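Please look through the sequence and the fold that follow, and keep an eye on the charged side chains. The paragraphs below lead through their pairings step by step.

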Amino acid sequence: MKKISQGKFEICTTKIDAIDKFMQMQGLCREEINGYQRIEFYCTKKGKITITNPPSKHIEHTYSTALYGEVIEQDGKTYVSYYTVYSHYNNVLKIISLVMLTAMSVFAIVSAVADFGKKSPYIIFVLCCALFVFQLINTLKEKKNAPRDSKIMVEELEKRVEAVNLWDK
């Protein structure tokens, strides 16, 4: 994992109260990364904070940029300490799926050559190629957008810290 940014925000309440309020604010964020991908805010009972994509079974919906943080007490004050990271692991999984798509495309071509009259191997080949191109573009675009996505996640955390600070006003 490559660290993109880090920092901390001061909270004007106790650690326990801040965690309780953050837990009440869990859920999907209004902001999106890469222009269309949803992100979600999580906070555990121990004060561990995460901003990342909602859980998914599909590799192509797993984002490589995430924000991790923790509510801490230091010198009698409460803070949210955070850092954002870019994980190459998710892109490795995407590349593996691209290799599998390429293998399926080769298999479709071989099937098409063996069965001259059937159209289904050609359709499979076209679909595999289209998915391959889409996945490749998406993977490259995600890496390029990591700093901007990181900034969006930090701003989302800052909005929630401000909400906690203004909670009783």
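A residue is called buried when its relative accessible area is under 20%, exposed when that area is over 50%, and partly exposed in between, as found with a 1.4 Å probe on protein chains only. The model is predicted, so local features need a pLDDT of at least 70 and side-chain atom pairs count only at pLDDT 80 or more, while totals for chains, interfaces and linings use all residues. Residues are numbered from 1 along each chain as its sequence is written, and side-chain values use heavy atoms, with hydrogens and water left out.

Side chains of opposite charge can pair when their charged atoms come close. Such a pair is counted here as a salt bridge when a side-chain nitrogen of Lys or Arg lies within 4 Å of a carboxyl oxygen of Asp or Glu, and the structure holds five of these.

One of them joins Asp-168 to Lys-21, with 3.7 Å between the closest N and O atoms. Asp-168 belongs to the segment after helix H4 (146-165) and Lys-21 to helix H1 (residues 15-24), so this pair ties together parts that are 147 residues apart in sequence. Helices here are DSSP runs of H or I with at least four residues, numbered from the N terminus.

Helix H4 itself has 20 residues and reaches 29 Å from its first C-alpha to its last, close to the 28 Å expected at 1.5 Å a residue, where the expected span is 1.5 Å times one less than the number of residues. Among the residues of H4 that are buried are Ala-146, Ile-152, Leu-157 and Val-164.

Within H4, Glu-155 and Lys-151 form a salt bridge at 4.0 Å from N to O, and they lie four residues apart, about one turn of the helix. An α-helix has 3.6 residues a turn, so residues three or four places apart point the same way. Glu-155 is partly exposed, with a relative accessible area of 35%, and Lys-151 is exposed, with 54%.

Glu-156 and Arg-160 meet in another salt bridge, 3.2 Å from N to O, and they too are four residues apart in H4. Here Glu-156 is buried at 6% relative accessibility, and Arg-160 is buried at 9%. Elsewhere, salt bridges that share partners join Asp-17, Lys-21 and Asp-168 into one network.

Technical notes: Helices (H or I, at least four residues) and strands (E, at least two) are DSSP runs, numbered from the N terminus.
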